[in-house]
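Biologist: I am new to this structure and would like to go through its strands. Could you show it to me?

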Amino acid sequence: MRYLLIRRKRMFMVIFFIIFFMMGGCGIQMNKKNLIIYPRNKESWVGDPMPFFDGQSFEVFYLEDLRNRDKGFHPWSLLSTKNFFEYKNEGIVIPYVNDSQSQELALGTGSVIKDKEGTYHAFYTGHNENKTPKEAIMHAVSKDMKKWTKQPDDTFYGSNQYEKDDFRDPYVFYNQDYKQYWMLITTRKNNMGVIALYTSKDLKKWEDNGVFFSNDTGSDSNLECSSLIKYRGYWYLTFSDQWPNRVVHYRIASDSKGKFKKPRLDHFDGNGFYAGRMENDKKNLYLFGWVPTKIGYDDSQNYDWAGNLVVHQIKQKGNGELFPIVPESIDEEVQSNVKLKPITQSNAIWSSKNSFTFSGNRFGAVRFREIQGVKKITGSIATNDKNNQFGFVFDVGENGKAPLNIVFNSQRGQLEFYNVSTDKIGSVEPQSTMPFQVTKSENIDFKILTDDSVVVLYVNNKVAFSTRMFNMRKHQWGIFSVDSNVTFQDLKINN
């Protein structure tokens, strides 16, 4: 009996200490659950997202880039989330047809809508380079958004006034102001990228209502993956220019038919973020896009097609203009509370408040420990009378220089991303840019989110700047200055 009591006591103590240490006993904090803020499937990549909010969660349909060398490509797959840091993968929901003669050899971007009877409708692009015309608008229906029945009789092609080989990306919604279903379509007319408007009463027969919006960006580019949404008194039109800049633009109007105004800064992010579509949950507005991989998964190469899903929360100014921020749900979940200690530092003074001041002469850098997984880096940058180039380095070496650099370039008035060594900044063109003016004696507040090999910088509630850095993972990072008298203040990183 005494043996049994001792054995039970020992078992109790073992269980107690396991629970104690799991809960953070002796100063050890409990590990957070594995968060995912920039999701993709393990063996594939996320292409054009098509978000739909169904009252409880965001159902994010997307073109899945399988890279499997099949004849067909880009099935519709589905991710579901309620908070932007936990995602459920539903897999492929609308497959392509692996037949070189099928209009659905490849699927293209579209959208999902729910009718008054509770049936879901997916409108998507059927693409086949072997056919004439190459592109068609197609239709499928579902009761649960997972099992879809295609409606081949509803397929239609571009009207004669449009370029039929460029006829894609249908965006469908019910326009309460005009009591009809609207479909915006990416196409071309008279050698110019335009968005066409089609209307319907029953989601089956569609009537061409002519050009809704013509390219006003200064190029003849196609206007891909458009969306049109009403939010707090304004109508917002978004689209991505297929060339030359490849960024997500937006326009503002008081009526869904326009006239649309071009804001002072008409895009949210650089060319490291593409195909953004807007959606809201009746309270907050979000922009869903993807950050591309690199050719050959090599940081030194150009951007490829498809990557990880990235979501920006979008805020509204009093004049109707918009700006991106970290989604508030992520910001609350990923708490920055650990101060950083440098490994090495050069030409920088470290203060007790975890601030680092660069003198403004030559190159200076501070190096920190390796970074991995979901992290949030926060702080501010105080600028002084001498501003040139400063910012963040990733995959940094012992000399403080790195092949991956996010740069505040005060001379050019922009954020820049370089995938060359820090000492070559300025001698080559950056891979990505975003307008941002650095003024004297200004505090620049920033937040950086990392996950997988994606890094997104948010600055001053003005802009976002998304980049791909494969060698950021499990490597050291840092801050730097080139001839800039700046102070990085209150640097923190989350657990």
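Biologist: How many bridges join strand β25 to β34?
Modeller: Six bridges join β25 (residues 375-383) to β34, and the two run antiparallel. Strands are DSSP runs (E, at least two residues), numbered from the N terminus, and two strands pair if DSSP finds at least two bridges between them. This is a predicted model, in which local features need pLDDT of at least 70, side-chain atom pairs count only at pLDDT 80 or more, and totals for chains, interfaces and linings use all residues. Residues are numbered from 1 along each chain as its sequence is written, and side-chain values use heavy atoms, leaving out hydrogens and water.

Biologist: Which residue of β34 stands opposite T383?
Modeller: That residue is V486.

Biologist: What about β20 and β34?
Modeller: Strand β20 (residues 336-339) pairs with β34 (residues 486-494) over three bridges, in the antiparallel sense. Within β34, N494 is opposite S336.

Biologist: And how many bridges join β23 to β34?
Modeller: Two bridges do so, and β23 (residues 356-358) runs antiparallel to β34. Here F356 stands opposite F488 of β34.

Biologist: Changing topic, in what order do β13, β14 and β15 lie in their sheet?
Modeller: The order is β13-β14-β15, in an open sheet of three strands with antiparallel pairing. Its edge strands, β13 (223-231) and β15 (248-253), each pair on one side only. Neighbouring strands are turned by 20° against each other on average, direction ignored; axes are lines fitted to C-alpha atoms, and angles run from 0 to 180 degrees between N-to-C directions.

Biologist: Which residue in β14 is the bridge partner of S227?
Modeller: The partner is T238. Seven bridges join β13 to β14 (residues 234-241).

Note on methods
Helices (H or I, at least four residues) and strands (E, at least two) are DSSP runs, numbered from the N terminus.
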